[in-house]
Amino acid sequence: MQEDLSSLVVALSKAGDFEDAAARTLSSLMRLTEEEIATSRYKNHGKVLRGMVHLRRSGGYLRLAILEQGAATVKSAGGAMEAPSLVSATAWHSVVQHNCPVFIDAILGTLRPYSPQDTERLEELLPGGFGSQESRQSFLSRQASHVCVIPLRTPGSGIGGMISLEADCPPAMGQDFVWRDCVDRLQLVAEIAAPYLTGLPFPPAPQAEVDEFMPVIGTSMANLLPILGVFSQQEESILISGATGAGKSRLARWCHARSNRRPGPFEVLDLISVPEDLQMAELFGWKRGAFTGAVRDSVGSLGRAEGGTLFIDEIDKLSMKAQAGLLRVLEERTYRVLGDGTGDRSADVRFVIGTNVDLREAVRAGRFREDLYYRINVLPLRVPPLDERRDEIPKWAEYMVNRRHREQFPSGQARLSPEAEQRLSNRSWPGNLRQLDNIIRRAYTLAMVEYGASPELLLKEGHISRALEYEEATGEPVVPRGEPLSLTEAMREVATAFIAEARRRGTPLDLGLTEALTGVVLGQAVQELGREEAFRLLGRENLLKNRNHHKVLKRELEKVEALYKELTGSSSPFSGLLPDEEPG
C-alpha cells in the first residue's frame with residue numbers, strides 16, 4: 001500500500017491538468033477495489049465498472065470526469081459521452097453534512113453512511129434511501145448494483161466534490177459489498193489526490209456548437225455546457241440557479257432539445273407572474289367551478305407538459321401550500337386537477353427548475369421546504385452573471401441587433417462599431433442579458449431613425465450612449481464599475497436625462513411622463529420579489545388586504561408602457577407583468 005501511495009504521489013505531481021489527475025486517481029482507486037474483490041467472497045461475482053470525480057461547489061457542478069473499466073484516459077462531461085448514472089442528491093447531502101463516505105445499494109435503493117466512530121448514530125440520522133426512483137433506475141440502467149461515494153476534502157476541511165466508484169455484484173444485495181473493508185484506504189487516496197483535483201487547471205474546453213438557444217458561447221459557458229449536456233440526458237430534476245436575466249430559460253430549452261423528451265412539449269411556468277392563490281391551479285389545472293373565476297376547464301402546466309419538459313422558474317416564489325403539492329408530484333409522479341373528483345393523474349414530466357436566490361438560505365429562513373429543496377437539487381448548475389462572462393457581451397450585442405434587423409431585411413446585416421462594443425464592455429450589467437437586450441433594442445431604433453431603413457446598418461458609440469441615457473431616465477441605472485449612485489443622485493440623473501431628451505427632440509416632452517417612475521419602481525420590485533412581497537416592501541400592504549393591488553399594478557405599468565412607446569417605440573421590460581384580467 002505504501003509503495004502504491006508513493007507511486008500515486010509521483011504520478012499526480014506530473015499531472016498537467018484536472019483530467020490527467022482524475023485519470024491517475026481513479027485508476028488507483030479502481031485497482032485498490034479490484035484487489036479487495038479478489039480476496040473476498042465476491043471474487044467470482046463482483047467487478048468494478050467505473051469511477052467518477054465530481055467537482056462541485058454550493059451552486060452546482062464545476063466538472064465531471066469518468067474513467068471506465070479498462071480505459072486509460074477519462075471522459076469529461078461533453079461531446080458524445082454517454083450519460084452516466086450520476087450520484088443521487090441524497091448521497092451528496094449526506095457526504096457534505098456528515099463529512100463521511102456513503103455506501104449505496106442500488107438494487108434495494110438504500111443509502112448507508114459510514115463512520116468507524118459512530119456508525120449507528122449516522123445510520124439513525126440518515127436511515128432511508130434515494131431521494132428519487134430516477135436515481136435508482138439511473139444506477140441500475142448502468143448495471144451498477146453497489147456504489148461507494150467518498151468526500152473530496154479540500155484544504156481547511158471543506159468539501160470540494162466527491163469521488164464515486166461503481167461496481168456490479170447482485171449477490172451482495174443487502175450487504176456493503178467490499179466497501180467497508182477498504183474504505184479507509186480509498187479515503188486516504190482521495191485525500192492525497194484532493195489538492196491536485198481541486199487545484200489543477202481544466203483543459204481547454206472544445207469549441208461548443210452554437211444553436212438557436214445558445215447563439216453565443218463564451219469561455220465560462222463553454223466549460224459548463226458539457227456538464228449540462230450530460231444532465232439533459234437524465235430524467236432527474238435539473239436546478240439552474242443564477243441572476244435574473246442571465247439566461248436560465250434559454251438553458252432550460254437547450255436541455256430539452258438535447259434530451260430524450262425533445263419530441264414532446266416544452267412548457268414554462270414563471271411563478272413571478274402567478275399570484276400565490278392561483279399557483280396550485282396554474283400547476284395542476286382546474287375544472288370549471290373549482291373556484292371563483294374558473295369559468296372553463298384548464299389543463300394546467302403539468303398537463304400541457306405531459307411527455308415533455310416543464311420549466312418552473314422563480315421556484316422560490318412558490319407558496320408553502322404549492323410546495324407541498326409539487327413535492328407530492330416529484331415523489332409519487334401523480335397529481336389531482338383542482339375540482340376533479342375522478343382521481344389522480346400520472347405526471348410523465350421531466351422538471352427543470354430555475355431560481356435566482358439561495359434556496360439553502362430560504363430553507364434556513366423557513367420560506368422553502370427542506371425536503372423539496374433536496375428533491376429538486378439533484379443535478380444543480382449555476383449560471384454565471386453577464387459581468388462574469390464579459391467576453392460574450394459584444395457577441396450577444398451583435399446577435400441581438402442582427403436578430404431585429406433581419407426581421408425587416410432578411411439578407412441585411414447590422415453591426416456595432418468597435419467604440420460601441422467597447423462602451424458596452426466597460427459597463428456593469430446587473431440586469432444581465434435581459435438588460436443588454438433592452439439597450440440594443442433602443443440603440444437600434446435610434447440608428448434606424450438617423451439612417452433610415454437600410455439593409456446595412458452600423459450602431460455607433462453615440463447610439464449606445466443615448467440608449468444608456470434612456471435606461472437611466474427610466475429608473476434602471478446602468479452604472480460603470482465602481483461605487484453605485486445614491487438614490488438622490490440617481491434621481492437627479494433621471495431629471496438631467498429627461499431634460500436632455502427634451503432638448504434633443506426640439507419639441508416639448510410632456511412632464512406627465514415622469515409619473516411612470518412609480519410604475520418603473522413597482523415593476524422592478526415585482527420582477528425581483530413577486531407581487532405580494534413587492535407591495536409589502538413599498539408600503540402598500542393595504543392594497544393586498546383589499547385585493548386592489550392588481551388594478552394598481554396595471555394602472556402604473558400602463559404609464560410605463562406609454563413612456564417606453566414615446567421614447568423608444570417599443571414595449572417596456574415590464575410588459576409581461578401586465579395582468580390580463582383580475583383573478584376571481
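Which backbone oxygen lies 2.9 Å from a polar atom of the side chain of Trp286? Keep that in mind while we look around. One caution: this is a predicted model.

Let's start with the place. Trp286 sits in a loop. That loop runs between α9, residues 279–284, and α10, residues 300–304.

Is Trp286 buried or exposed? Its relative accessible area is 16%. Buried means under 20%, so Trp286 counts as buried.

Now its surroundings. Leave aside the neighbours within four places in sequence. Trp286 then touches Ala281, Phe291, Ala294, Arg296, Asp297, Ser298, Val337 and Leu338. Arg296 is in that list, and Arg296 also answers my opening question: its backbone oxygen is the one 2.9 Å from a polar atom of the Trp286 side chain.

Next, Asp340. Along the chain, Trp286 and Asp340 are 54 residues apart.

On to the aromatic rings. How many aromatic pairs does the structure hold? Nine. One of them joins Tyr373 and Tyr374, edge-to-face. The centres are 5.0 Å apart, with 65° between the planes. Why give two values? Because a pair of aromatic rings is described by the distance of the centres and the angle of the planes.

Look at how these two tyrosines are placed. Tyr373 is buried, at 7% relative accessibility. Tyr374 is partly exposed, at 27%.

Two more stops. Tyr42, Phe177 and Trp179 make up one aromatic cluster. And Arg63 lies over the face of Phe202, 4.7 Å from the ring centre.

Note on methods: Residues numbered from 1 in each chain as written. Predicted model: local features only at pLDDT ≥ 70, side-chain atom pairs only at ≥ 80, totals over all residues. Heavy atoms only, no water. Helix = DSSP H or I, 4+ residues; strand = E, 2+ residues; numbered from the N terminus. Buried < 20%, exposed > 50% of the residue type's maximum accessible area, 1.4 Å probe, protein only. Contact = heavy atoms within 4.5 Å. Polar contact = N/O pair within 3.5 Å; in protein donor to acceptor, adjacent residues only side chain to side chain. Phe/Tyr/Trp six-rings, centres within 6.5 Å; stacked < 30°, edge-to-face > 60°. Lys NZ or Arg CZ within 6 Å of the ring centre and 35° of its normal.
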